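Me: I am new to this protein model and would like to learn how to read its features. Please guide me through them.

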Amino acid sequence: MKKLNILIAAILTLVWTPSQGQTEKGSVLIKNATVLTVTNGTLEDTDVLVENGVIKKIGKGLSANNVTTVDAKGKFLMPGIIDAHSHVALDAVNEATAPITSEVQMADVVDPFDIGIYRALAGGVTISHAMHGSANAIGGQNITLKHRYGTYNPEDLYMKEAPRTIKFALGENPTRVHGRGKNIQPRTRMGVEAIIRNGFNEALQYKKSWEKYNNDLKQKGATPIPPKHDARLQTLVDILDGKIIIHCHSYRADEIYALINTCRDFGITNIVFSHVNEGFKVAPELAAYTMGASVFADWWAYKFEVYYSTAYNAAILTENNVITSINSDSGELIRHLYHEAAKTQRYGQLNDEQALALITINPAKQLGIADKVGSIEEGKQGDLVLFNEHPLSVYAIPQMTFVDGVKYFDIEDDADDMRIKVSATDTVEPIFLKEHDHNCMHGVDFFFNNFGRSLFQHSH
């Protein structure tokens, strides 16, 4: 029997090992590059040594035994690009059944076969923040992904060192889905604010009930009955306790400021605003009370609440000391974030370091991972992108992309078709009805077709 168990264990190990191989830490020596560190200036003709997934040494004339060497003479090396607002690699985006769905987790629907991961790598993006959609005032918990493309195991993509985050949303999206779609609160912007406040107040009562139970347990001979566990409320308690970072879909200045005040009332400081098209109007408040703003470079006017915006938004926020990043919210735009960052030099005259920070160290700060990624520094993880030209140049094209020192993209050597899994029944990629080019509302079309509406309307 013992021999049989050993044999079974050996077989399971052989079967499991291939899916784990993609997550191994790599080693590489990149020589003679122009190194754009982001945090410590530009280093000419410099070598970067990555060992076991970590940047071991930065300098000139470096050497290493049994390590792949890349001659980067004439090329530019920068930190892996980080997208603070993405829906790449998600099989579903919205749980649109209630105004608060904080119990759901995007980690449960990560799709490692999504070719969008590879396309992101081809654009130099090594980390994305896979977010719940914006159908809910308080949506689901997000997951930070490392683009370790090639694995069959979704958990291999998780950046397990990253803090927990959650999606909030203001404005037309939650009011449209719940107010117009289901005739329940919130139907107005004040209703969105009320939903969030009521949720936090209910969470405080839930927290107190558990505190009372735990105190009662300490009494001699006591046999208290524990409160019913509620994953939704426990998640809100974790927000109140500073264990989860809020990332909030937002556009209008009045709503942004209103949620800042709500968070101040409840002692919440871990909040990042996404999109933030009117953020330039409340830049001092964003700088004083939040972890920053993750914006579009020049998207607006795709719905009524987004008509007031400016391409100078990112520059204005940056100059007002707001931790600012540029995000994609798009499986296509994620490949061009270095171009999006470059737009701030046309609209706002940001210098190279400021512009590159928008897609590297700043989103890393917003995700709580700046001590691990976001710049080229010794001791940080080996997420690197090699460009043929300066990445802020219109002629720049990524040549190689490394995650944890492992090369996942090579413009010269990769096959034309890099799909891992191809469906025999799909002749084209799926197309979803949407109002605009980003994915925050993916999955809520149901509430706006005749069948879906009929479920929530009555003739009496």
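Me: Is aspartate 45 buried, partly exposed or exposed?

Reply: Buried means under 20% relative accessible area, exposed means over 50%, and partly exposed lies in between (1.4 Å probe, protein chains only). Aspartate 45 has 36% relative accessibility, so this residue counts as partly exposed. The model is predicted: local features need pLDDT of at least 70, side-chain atom pairs count only at pLDDT 80 or more, and totals for chains, interfaces and linings use all residues. Residues are numbered from 1 along each chain as its sequence is written, and side-chain values use heavy atoms, leaving out hydrogens and water.

Me: With which residue does aspartate 45 form a salt bridge?

Reply: A salt bridge is a side-chain nitrogen of Lys or Arg within 4 Å of a carboxyl oxygen of Asp or Glu. Aspartate 45 pairs in this way with lysine 73, and the closest N and O atoms are 2.9 Å apart. Lysine 73, at 52% relative accessibility, counts as exposed.

Me: How many salt bridges does a search of the whole structure find?

Reply: The search finds 25 salt bridges. Among them is that of aspartate 404 with lysine 25, whose closest N and O atoms are 3.6 Å apart. Aspartate 404 counts as buried at 2% relative accessibility, while lysine 25 counts as partly exposed at 44%.

Me: Which residues are linked with Lys25 and Asp404 in a network of salt bridges?

Reply: The network also includes Lys146, Arg148 and Asp383.
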